[in-house]
Amino acid sequence: MLRMSTLFLRTLRDDPADAEVPSHRLLVRAGYIRRIAAGIYSWLPLGVITLRNVERIIREEMDTAGFQEVHFPALLPREPYEATNRWEEYGPSLFRLQDRKGGDYLLGPTHEEMFTLMVKGEYSSYKDLPLVIYQIQNKFRDEARPRSGIIRGREFVMKDSYSFDLTDEGLDISYQRHRDAYISTFDRLHLKYNIVKAVSGAMGGSKSEEFLAPCDTGEDTYVLCPKCGFAANVEAMVTKVAAADASKVPALEELDTPNTPTIDSLVAVLNEKFGGGYTGASTLKNVMLMADNKAISVLVPGDREVDLKRLQAGLPGVEELRTFEEADFAKFPNLVKGYIGPQDAEKSGITVYADPRVAPGTSWVTGSNKKNRHARNVVNGRDFTPFAYVEAAEIREGDACPECTTAVVIDRAIEIGHIFQLGRKYADALGLTVLDQNGKSQVVTMGSYGIGVSRAVAAIAEQSYDEIGLSWPLEIAPAKVHIVATGKEDLPFDTALDIGNKLEAAGISVMLDDRRDPSAGVKFKDAELIGIPIIMVVGKSLADGKVELRNRKTGEKSEVALAEAVNSVTALIASLS
RNA sequence: CGGGGCGUAGCGUAGUGGCUAGCGCGCCUGCUUUGGGAGCAGGAGACCGGGAGUUCGAAUCUCCCCGCCCCGACCA
């Protein structure tokens, strides 16, 4: 039983000045966590219990799924990360340090290498596969900008699992098993979430999905279809535009368009010239970019910006992508800034990519590569041909769902889980092979699956607080019942302790506010701030042989006979679970 | 890393050159109080982020450094 008279806890009356998002503000105020440095937090008793509850649920679900727990050190030698090139690739986000002999070490940001090597050390036959192992452990990433309390920290708790299979089909099965396990895990954590298609990014591999918990303070933006449920990371959103019939479009016509280097100015001139009907969407924007120091042009409708993250996701292998600077324009004198068109880009040695919105057969107004000249009726496939199509334009609310064409909504969320098929990248780099049925050596294929454990605590808080404090789901809260004893006599305190003991004997965890000094009001405020789902008040109504039960979330109150206190709590718990 | 804001007691803050750095919360002692962050009285707690400088005098002005928060870039 947690007894507040001795519990190591101090709640704060004022919001901490350095906390803005609700989870951070309330977890600090209610005495769960304290900041140590940017993105680094200590956990006080209430916080530790809550974090352990989340861990326990995750661990139970992983074990139920048949995954086996292992544990690695956080302090790791350089060599394995050298083998996969990540000692370099991870850049400044990696915490590096040296031992007394000058040897290089790191604090693990993620453990693909270690897991791969562990399996390599133990297994060498296809008969041992499939295998799934996991750990719950602290990760270290020197984030450029830690933020939002424990939502994005530099040290955080993560559950990471890895699957090992001989075949791609096996990997699909392992992936699906993990997906199922995550669904039951997040359901038990009482998190609202969407499973969202993601791009695999730098980790390589084919299939990838994120579990996103919607909340206003989330840092991930994703697209959701309200009709068919399609959900995708902005990077993974695809655009479907059918090819147009351009057979009736008149021939390309060059126009005098002085002083129209911007889309807005061009549209104004067009409407003046041709009596209206033109919008930014009628024009074709040629955005010049440097992709690993190679000049490319990307075509998007004039009313849309290029989303560099989306574009980069669609250009595998490209590491540095940036827009043209003055110096770059100087290298391509054929490019007339403000009047660029795709018609003779090839002559300039520029590779042209088009967003799918610039579909074959569509007709556009665009630059004609001459100062103060544009062209209309410029048809894709007739007057220019893109080298390739790539998702480049920004996504907007109202864009068509790729599955059912319904207008999508854009929402914010916290990424609480990520599952993806790694493939053979790490096994290849570290030489993880097994012998197959024919005695032939085969590289193992892997999957990687992560849950942000400490982040999940924040995400749950973000989804369940109100204006007076936290409000945890039953299984997450530091206790199931918070008994508040009030008054100055011994009776309510003795009675409260007695009920507490009975509840604990019945397997129901209890926090007891047995402080004698604070007034009832202080205790009520603290109880509401701390957020245990059931609050029992033992005080005034004791004179009538009753205690009061309150539902923290709904605010409902009821009085029950003292003799029925334990049964009533049991019933209330049953109704809450 | 770019832009913005900030740093005074455990927490929230006042104090733009001049007396012993002020207030609220919290903490300690006593008395009164005890169902919605009680009252009175007394008390402890601050090298004002650090360093250098300007000045008769610096929390306050200048420079450098450090740290924190927010927006953006970044984020397996």
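Helices (H or I, at least four residues) and strands (E, at least two) are DSSP runs, numbered from the N terminus.

Some ground rules before we go on. This is a predicted model, where local features need pLDDT of at least 70 and side-chain atom pairs count only at pLDDT 80 or more, while totals for chains, interfaces and linings use all residues. Residues are numbered from 1 along each chain as its sequence is written, chains are lettered from A and ligands numbered from 1 in the order in which they are written, and side-chain values use heavy atoms, with hydrogens and water left out.

**Stop 1: around α12**

Stay on α12 and highlight Pro492, Phe493, Thr495, Ala496, Ile499, Gly500 and Leu503, its buried residues. Buried means under 20% relative accessible area, exposed over 50%, and partly exposed in between (1.4 Å probe, protein chains only). Look down the axis of α12: the buried residues fall within an arc of 165°, so they line one face of the helix. That arc is taken over the directions from the helix axis to the C-beta atoms. On the face turned away from the buried side, pick out the exposed Leu491 and Ala505.

Now show what covers the buried residues: the list includes β26 (481–485), β27 (510–513), α13 (520–530), β28 (534–538), β29 (546–551) and α14 (565–576). Contact here means heavy atoms within 4.5 Å. Just after α12, click Gly507, which takes a positive phi of about 85°.

**Stop 2: the sheet**

Next, colour the strands of an open six-stranded sheet with mixed pairing, in the order β1-β27-β26-β28-β29-β30. Its edge strands, β1 (2–3) and β30 (557–561), each pair on one side only. Two strands pair if DSSP finds at least two bridges between them.

Zoom in on β26. Five of its five residues are buried, so β26 is largely enclosed by the rest of the structure. One side has Val481, Ile483 and Ala485, the other His482 and Val484, and both faces are covered. β26 runs parallel to β27, joined to it by four bridges; to see one pairing, select His482 and its bridge partner Met511 in β27. β28 and β29, by contrast, pair in the antiparallel sense, again over four bridges, and Ile534 has Asn551 in β29 as its bridge partner.

**Stop 3: α13**

Which residues of α13 are buried? Lys523, Asp526, Ala527, Glu528, Leu529 and Ile530. Following α13 is Gly531, with a positive phi near 85°.

**Stop 4: salt bridges**

A salt bridge is a side-chain nitrogen of Lys or Arg within 4 Å of a carboxyl oxygen of Asp or Glu, and by this rule the count comes to 45. Then go to Asp328 and Arg322, whose closest N and O atoms are 2.7 Å apart. Asp328 is buried, with a relative accessible area of 2%. Finish with a network that links Arg56, Glu60, Glu61, Arg188 and Glu475.
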